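Please read them with the model open.

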Amino acid sequence: MAGRIEDYALIGDMQTAALVCRDGTVDWLCLPRFDSHAIFAGLLGTEEHGFWRLGPAHAADSPPPTAARRTYRGDSLILESEWDTPRGTVRVTDFMPPRDGAPQLIRIVEGVTGRVPMRSALRMRFSYGRVVPWVHKHEGRTVAVAGPDSVWFDTESETYGKSLTTYADFTVAPGDRIAFTISWQPSHKEPPPLPEPETSLEATEDFWREWVEHCTYHGPYREAVIRSLITLKALTYAPTGGIVAAPTTSLPEDIGGVRNWDYRYTWLRDAAITLSSLLRTGYREEARAWREWLLRAVAGDPENLQIMYGIAGERELGEAELDWLPGYERSAPVRVGNGAAHQLQLDVYGEVTEALHLAHMTGLARNDYASLLQLKLIRYLEDHWQEPDEGIWEVRGPRRHFVHSKVMAWVAVDRTIKLIQSGDADGPLERWKELRDDIHRDVCEKGYDKERNTFTQSYGSQELDASLLLIPQMGFLPPDDKRVIGTIEAIQRELSTPDGFILRYPTEGESEGVDGLPGDEGAFLACSFWMADDLAMIGRVDEARKLFEKLLALRNDLGLLAEEWDPRLQRQVGNFPQAFSHVPLIDTALRLTASGAYGG
């Protein structure tokens with residue numbers, strides 16, 4: 001049975017990632033890329049769908065013991081888990097070395113005290129748990145083959161097969177170190193090189209130490225910021241610079257419900273705000289790589305900008321349901337691909353333009369095509385900003401005139417005007433100034449409820465939406481504007497959970513609400529960070545700090561956040577870990593640090 005979402009640790013190599021539970025079970029791993037088929041899909045099903053457990057031996061009729069302690073080794077993505085047993089203490093170190101060749105997951109068992117009996121149980125199931133591979137020996141190595149894929153299992157420990165599972169039973173004493181490695185390779189190629197676990201461990205630690213040294217943030221929330229930055233780096237697909245929203249699919253927003261989506265793709269919105277955080281903390285190379293990814297993905301067709309792409313810029317992300325997987329805690333359907341890819345979301349034009357603007361303002365080397373792309377995006381918006389769209393939350397109900405979408409269209413025009421004024425692009429400056437004024441006027445007239453003193457979710461609507469919290473952050477109106485303050489206070493009244501966290505928008509329980517889906521969802525963590533930002537901007541800095549520190553307390557023991565927090569179940573929900581949660585954490589920490597609003 002899969003653990004709670006917050007029971008998992010992330011390890012990865014900047015091309016794919018694995019989730020490791022507290023009991024030493026790897027329940028999720030896609031090879032060779034984030035968006036490849038999973039070879040361990042137990043997270044979304046049962047052990048029959050693939051897992052790799054490594055920990056102290058236990059009776060067959062009892063659950064595997066959970067680690068007494070676990071931590072990342074320093075500022076790295078190297079996981080160390082320790083078990084205290086009646087016979088002694090043992091440590092397991094899990095990591096995935098950044099790679100040039102075959103992807104590897106390496107697990108090193110180390111005896112600490114006593115003599116501890118251990119067991120490795122490896123059950124590989126290809127194609128998201130549906131295909132049992134052919135497992136056999138090849139020149140002393142164990143290899144599992146199915147179609148185009150092969151996974152090689154290497155260890156010095158003696159192994160045996162039973163019930164379509166590969167086992168190793170062994171005992172460790174102080175000073176013993178026994179390594180286990182799986183490596184992926186296309187099945188038609190020669191075997192991958194024999195792993196060198198200790199050398200790879202040292203190289204992996206060096207990689208993360210050197211990467212973290214580039215961080216320019218040294219404020220009071222450095223531990224949380226560094227862990228979030230490492231997580232964002234882990235969600236970056238190194239060969240292209242694309243950034244996945246999360247390494248998982250179909251972890252539910254509503255336990256037992258249908259709000260289950262595949263997040264293993266690059267959302268322009270998420271990637272753009274990730275770029276912003278990376279630039280503001282000193283990571284220019286990642287920003288440059290993302291900009292190059294964007295230009296390749298959009299090349300030749302900027303007028304048909306998609307809201308998301310594959311990690312190499314693929315456009316076709318067809319959505320399908322995997323009916324043989326029962327889903328995480330029976331949350332079905334399990335989906336791969338994402339049918340929202342071709343939605344119209346006008347706010348994306350603003351996020352992309354804002355990211356390009358920030359890259360320009362922070363001195364990232366000029367790219368003439370980036371400026372040309374920005375101009376093309378504004379020419380498209382000039383003709384289409386008045387259309388309804390699906391909005392930031394990818395609603396599957398009817399299109400609406402979402403206020404946030406219009407605000408971000410204004411942002412796109414505003415930042416492009418600044419680009420022209422800087423002398424780095426040419427365009428119809430006066431015409432676009434008029435366009436900027438037209439959009440601003442339209443939003444203030446049609447998206448604002450004078451009686452309640454609040455902006456609304458969409459034109460003519462009475463509903464609120466947490467994306468309205470971005471109005472002052474984007475510079476659409478100043479923080480001290482009474483309409484901004486009224487909107488913040490209205491969202492606090494109407495979209496807050498009892499513990500003070502923020503919902504995206506009202507959901508309707510069993511009936512279908514604005515998003516066209518039944519069921520509810522938890523508090524959206526990004527929106528809660530936005531609230532903390534806004535409170536600081538309007539001078540309520542102590543309240544902002546308290547909310548921020550409550551949000552930090554929701555992180556799991558390793559500093560990781562999913563997409564949402566379920567206030568009823570008091571647990572994390574949604575895909576995990578989520579870039580769209582870690583980015584605003586960084587942004588809020590920077591704002592509070594700049595304002596001096598922190599304790600201790």
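**Notes on the predicted model**

1. The second largest cavity is lined by R291, L356, A359, H360, L364, A365, R366, N367, A370, S371, Q374 and L419. Two elements, α6 (347-361) and α7 (368-384), each give two or more residues to that lining. A cavity here is a set of points, on a 1 Å grid over the protein atoms alone, where a 1.4 Å probe fits but cannot get out; a pocket is an open set with protein on both sides within 12 Å along at least five of seven lines; lining residues have an atom within 4 Å of a point. Helices (H or I, at least four residues) and strands (E, at least two) are DSSP runs, numbered from the N terminus.

2. This is a predicted model, in which local features need pLDDT of at least 70 and side-chain atom pairs count only at pLDDT 80 or more, while totals for chains, interfaces and linings use all residues. Residues are numbered from 1 along each chain as its sequence is written, and side-chain values use heavy atoms, with hydrogens and water left out.

3. The second largest cavity holds about 120 Å³ of space, and the structure has 3 cavities of 30 Å³ or more. A volume is the space filled by probe spheres set on the grid points, which are joined across faces, edges and corners. The lining of the second largest cavity divides into 6 nonpolar, 4 polar and 2 charged residues. In this scheme Ala, Val, Leu, Ile, Met, Phe, Trp, Tyr, Cys and Pro are nonpolar, Asp, Glu, Lys and Arg are charged, and the others, Gly among them, are polar.

4. What do the buried residues of α7 pack against? They pack against α5 (284-298), α6, α8 (403-421) and α9 (429-446), where contact means heavy atoms within 4.5 Å. The buried residues of α7 are A370, S371, L373, Q374, L375, L377, I378, Y380 and L381. Buried means under 20% relative accessible area, exposed over 50%, and partly exposed in between (1.4 Å probe, protein chains only). With 17 residues, α7 reaches 25 Å from its first C-alpha to its last, close to the 24 Å expected at 1.5 Å a residue; the expected span is 1.5 Å times one less than the number of residues.

5. The largest pocket has about 560 Å³ of space. Its lining has 24 residues, of which I273, S276, E354, M474 and D587 lie nearest the centre. At least two lining residues come from each of α4 (268-280), α6, α8, α10 (470-473), α12 (525-537) and α14 (579-595). By class, the lining of the largest pocket has 12 nonpolar, 4 polar and 8 charged residues.

6. α4 is mostly covered, with 11 of its 13 residues buried; among them are L268, R269, D270 and S276. The helix α4 reaches 18 Å from its first C-alpha to its last, close to the 18 Å expected. After α4 comes G282, with a positive phi near 105°.

7. The second largest pocket has a volume of about 360 Å³. Of the 22 residues that line the second largest pocket, R53, H58, R119, A121 and Y167 lie nearest its centre. β5 (51-56), β10 (116-123) and β14 (160-162) each give two or more residues to this lining, and the largest share, 5 residues, comes from β5.

8. Strand β1 (residues 9-12) runs antiparallel to β2, joined by 4 bridges; two strands pair if DSSP finds at least two bridges between them. L10 has L19 as its bridge partner in β2. The β1-β2 hairpin has 4 residues between the strands, and M14 in the turn has a positive phi of about 70°. From β2 (residues 17-20), A17 and L19 point one way and A18 and V20 the other, and all are buried.

9. β2 and strand β3 (residues 25-30) are also antiparallel, with 3 bridges, and V20 stands opposite V26 in β3. In the β2-β3 hairpin, G24 takes a positive phi near 85°.

10. G147 lies in the loop between β12 (141-146) and β13 (149-155). Why does G147 count as exposed? Because its relative accessibility is 59%.
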